[in-house]
Structures are given as structure tokens and as C-alpha cells.
Amino acid sequence: MFKKVINLLLKIENFILPETCLNCRRAGQALCPACRVQIKKIPERCPTCGRRQNLGLFCQKCRQTHRTISFDGIFAYTSEDDQIMTKAIKALKYQGVKSLGRILGKMLGRRLVISWKQAPASIKKRNTIIIPMPLHPRRQRARGFNHSQLIAAGIAQVSGWLINENLKRKAWHKPNAVSLDNQKTFVYKGKLLTGNNIILVDDAIATGATAQAAAQALKTAGADTVIVATLTQSF
Ligand SMILES: [Zn+2]
Ligand SMILES: [Zn+2]
């Protein structure tokens, strides 16, 4: 009983009190502007050789040697060891500080919009659609929201690109010991994506296996270019 009352009071407190910055505790927003600028941006580069590349697209040479990779680039805000970003992602995903989704999404989106101005003409002439990385249905039910959708909303707000939520993740399936058939984890259920650039949104990219599986489903649905937009990159 006592515990229930305390929990209720904490909920009320969260509701009434203004948010405080997760890094400096200043009242106002879940991540204050002064702490946002401390997050170290990483340059846009080819995902495999590291050469500077607009939007994090593969350079020509790497694109030729890595033809089986389904996404065309990785646009990352910072690296996985940035402490403020790591704290922010944790608060968003595991403490349910949903307002961080839009804050971080807008930060990522603003950078993306600036870089887009320098994008190759072949990309610029096409329509662009934002697609959040879906969660496993069971995980989404447990968490109550998909953090990638919230980040995508922030990107949409600053870019004007529309969000499409037709990429679905299939329910958990038994991993196959011989080959983990990632490709079939995702399915795109919607109008064909032919003639569109896709911004595939996730909070982090570690091995790239999930992004590869999702991008493969999008390419099968006709997508022309798939750029993974992420808050952190591990490699
Ligand atoms: Zn702060
Ligand atoms: Zn390269």
C-alpha cells in the first residue's frame, strides 16, 4: 500500500514539475540547449572506408565492392561513446522520457536537412520518406511506444518529409542456428516505394545487421535510396 502511494506521488510529481535536464539538472527541458551542443558530432563518412562523404553515403569504390549491402549510407549524429547522448537514449528508451524523442529527432533532422542541400542531384530530385525502425511487437507492447517513431517525428518536424509506418517487424521467431534469417524479420506492407528516397530511423547502429535486414525489405518494395539516420554509430 505504502509503495503504491509513493509511486503515485512520483507520477504526480513528474506530471506537475517542469522537466529537468538529464545532464545538468537545470529545469526546463529533458535535455537543455547548453548540454545539447556538448554532444560531439561525427563527420559524414563512407560506412566502410571512412572517407568523407556527403550524407554518409558509400563512396563509389566501396559501393562496388559491397554490392550486397542494401542501405546506401549511414547518417549518424555522434559515436556510441558520447556520454550525454548515451544518457539521453537510455532515458528515452528505458525511463520513458518521451519528450527526448522529438528533441533528439530535431537535432538529427536539422543536420540532415543541411547536408541534403549538398546531396547528389539523383537523390535530390526524388521524393523522400521517413520510415521508423519498427520494434518487435512484444517489445513495443511492453514499452508502450516505439522510440524510433518519436525520433522520426522530430525529423519530420524540421524537414517537412512525411512519415510512413508500413515497415513491420514480425513477431519473435526461433533463431535458426545454421543461419539467422534476418531478411525475413521485416516486411513492408504498403504502396510500392519506387522513386523514393527512404530515411530509415533508428537510435543506434551497431553491427548494421538490423539496418541491413530492414533496408533489404525496403529495397524489395522498390525504394531507390535507403539512408540509415541514427543518433549513434558504433563503428
Ligand atoms: Zn543541461
Ligand atoms: Zn568508401
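Predicted model: local features only at pLDDT ≥ 70, side-chain atom pairs only at ≥ 80, totals over all residues.
Reader: What is the handedness of the crossing of H5 and H8, left-handed or right-handed?
Author: On the H5 side, the residues in contact include Gly 101, Leu 104, Leu 108 and Leu 112, and on the H8 side they include Leu 150, Ile 151, Gly 154 and Val 158. By class, the residues of this contact are 11 nonpolar, 7 polar and 3 charged. The crossing of H5 and H8 is right-handed.

Reader: Which elements are included in what covers the buried residues of H8?
Author: H8 has 13 residues and reaches 19 Å from its first C-alpha to its last, close to the 18 Å expected at 1.5 Å a residue. Its buried residues are His 147, Ser 148, Leu 150, Ile 151, Ala 152, Gly 154, Ile 155 and Ala 156. The cover over these buried residues includes helix H4 (83-94), H5, S4, strand S5 (162-163), S8 and S9.

Reader: Which residue just after H8 takes a positive phi?
Author: The value of this phi is about 85°. The residue that takes it, just after H8, is Gly 160.

Reader: How many charged residues has the contact of H4 with H5?
Author: H4 and H5 pack with their axes 8 Å apart, at an angle of about 140°. That makes H4 oblique to H5, and their crossing is left-handed. Ala 88, Ala 91 and Leu 92 of H4 meet Leu 100, Gly 101 and Leu 104 of H5. By class, this contact of H4 with H5 has 5 nonpolar residues, 1 polar residue and, of charged residues, none.

Reader: Which strands do the buried residues of H9 pack against?
Author: The 12 residues of helix H9 (residues 209-220) should span 16 Å at 1.5 Å a residue, and the end C-alpha atoms are 17 Å apart, which agrees. Within H9, the buried residues are Ala 211, Ala 214, Ala 215, Gln 216, Ala 217 and Leu 218. They pack against strand S4 (127-132), strand S6 (167-169), strand S7 (186-188), strand S8 (196-205) and strand S9 (225-233).

Reader: Which residue with a positive phi follows H9?
Author: The phi in question is near 105°. The residue that follows H9 with this phi is Gly 222.

Reader: Does Gly 56 count as buried or exposed?
Author: Gly 56 is found in the loop between helix H2 (33-36) and helix H3 (60-65). It has 25 C-beta neighbours inside 10 Å, and the cut-off for burial is 20 or more. Gly 56 therefore counts as buried.

Reader: What separates the C-alpha atoms of Gly 56 and Arg 45?
Author: Leaving aside neighbours within four places in sequence, Gly 56 is in contact with Glu 44, Arg 45, Pro 47, Gly 73, Ile 74, Phe 75 and Ala 76. Gly 56 and Arg 45 are 11 residues apart along the chain, and the separation of their C-alpha atoms is 4.5 Å.

Terms used:
Residues numbered from 1 in each chain as written. Chains lettered and ligands numbered in written order. Left-handed = near helix turned anticlockwise from the far one by under 90°. Helix = DSSP H or I, 4+ residues; strand = E, 2+ residues; numbered from the N terminus. Contact = placed C-beta atoms within 7 Å. Nonpolar A, V, L, I, M, F, W, Y, C, P; charged D, E, K, R; others polar. Expected span 1.5 Å × (residues − 1). Buried ≥ 20, exposed ≤ 12 C-beta atoms within 10 Å, placed from the backbone. Axes fitted to C-alpha atoms, helices over the stretch in contact; angles between N-to-C directions. Parallel < 35°, antiparallel > 145°, perpendicular 65-115°, else oblique.
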